[in-house]
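Subject: Structure for you to look at

Hello,

Here is the structure I promised to pass on. Please open it alongside this note; my findings follow below.

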Amino acid sequence: MKYAPLLVMLVCFSACNNASQTEKSATADSSAATIKAGPSDKYIHTFSDTALETRITEALMKLPFVKKSDAYIDSFSNHTHGIAFMMEEQKENEVSVRAGYNGGERFETYYHFIVDPKTMDIKVYDPVEDKTLTLKEYLNTR
């Protein structure tokens, strides 16, 4: 007798979700566009100046906090990945570089650098403050 209310609730919940096996599931949205997979569907980033790309990558890998992030990514990826860099084409006198983990589903940005290709001056963009900091300013905020 003391389990009667529980039994009534169980019967009600199971009856509410008792859909017939012969009913059709929701029909497809006829307004949805058909997307065909093709070679242009994958994002492939290429940087035209490979010598400059190498110089920038080497300069960034010398930074202690980038080395620490590289070791962290290496450890959780079972020693299969390190830190990855995604560079945008040079505009004006700067190259925008995002550094982070390049996973199978997305690129996770850890740092956003602004590099002057002539002087190799490195600055860090702080999205919280929405401003660009020098390395010294960035290290002081950490």
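Two rings of Phe, Tyr or Trp (its six-membered ring) count as a pair if their centres lie within 6.5 Å. By that rule, ring pairs join F65, Y111, F113 and Y138 into a cluster. Please keep in mind that this is a predicted model.

**Aromatic pairs**

The structure holds six aromatic pairs. One of them is F65 with Y138: the ring centres are 5.2 Å apart and the planes sit at 50°, so this pair is tilted. It ties together distant parts of the chain. F65 belongs to helix α3 (residues 64-76), Y138 to helix α4 (residues 135-141), and 73 residues separate them.

Are these two residues buried or exposed? F65 is buried, at 6% relative accessible area. Y138 also counts as buried, at 14% relative accessibility.

Strand β3 (residues 107-115) and β4 run antiparallel, joined by three bridges. They form a hairpin with six residues between them. In that turn, M120 has a positive phi of about 60°.

Next comes the other neighbour of β4. Strand β5 (residues 131-134) pairs with β4 over four bridges, again in the antiparallel sense. D126 has K131 as its bridge partner in β5. The hairpin of β4 and β5 has four residues between the strands, and D130 takes a positive phi near 55° there.

Which residues make up the covered face of strand β4 (residues 122-126)? They are I122, V124 and D126. K123 and Y125 make up the uncovered face.

**Helix α2**

Helix α2 (residues 50-61) has twelve residues. From first C-alpha to last it reaches 16 Å, close to the 16 Å expected at 1.5 Å a residue.

Its buried residues are L52, I56 and L60. Seen down the axis of α2, they fall within an arc of 65°, so they line one face of the helix.

What covers the buried residues of α2? The cover includes α3, β1 (84-87), β2 (95-102), β3 and β4. Note that α3 is also the helix that holds F65.

Best wishes

Note on methods: Residues numbered from 1 in each chain as written. Predicted model: local features only at pLDDT ≥ 70, side-chain atom pairs only at ≥ 80, totals over all residues. Heavy atoms only, no water. Phe/Tyr/Trp six-rings, centres within 6.5 Å; stacked < 30°, edge-to-face > 60°. Helix = DSSP H or I, 4+ residues; strand = E, 2+ residues; numbered from the N terminus. Buried < 20%, exposed > 50% of the residue type's maximum accessible area, 1.4 Å probe, protein only. Pairing = 2+ DSSP bridges. Expected span 1.5 Å × (residues − 1). Arc of directions from axis to C-beta. Contact = heavy atoms within 4.5 Å.
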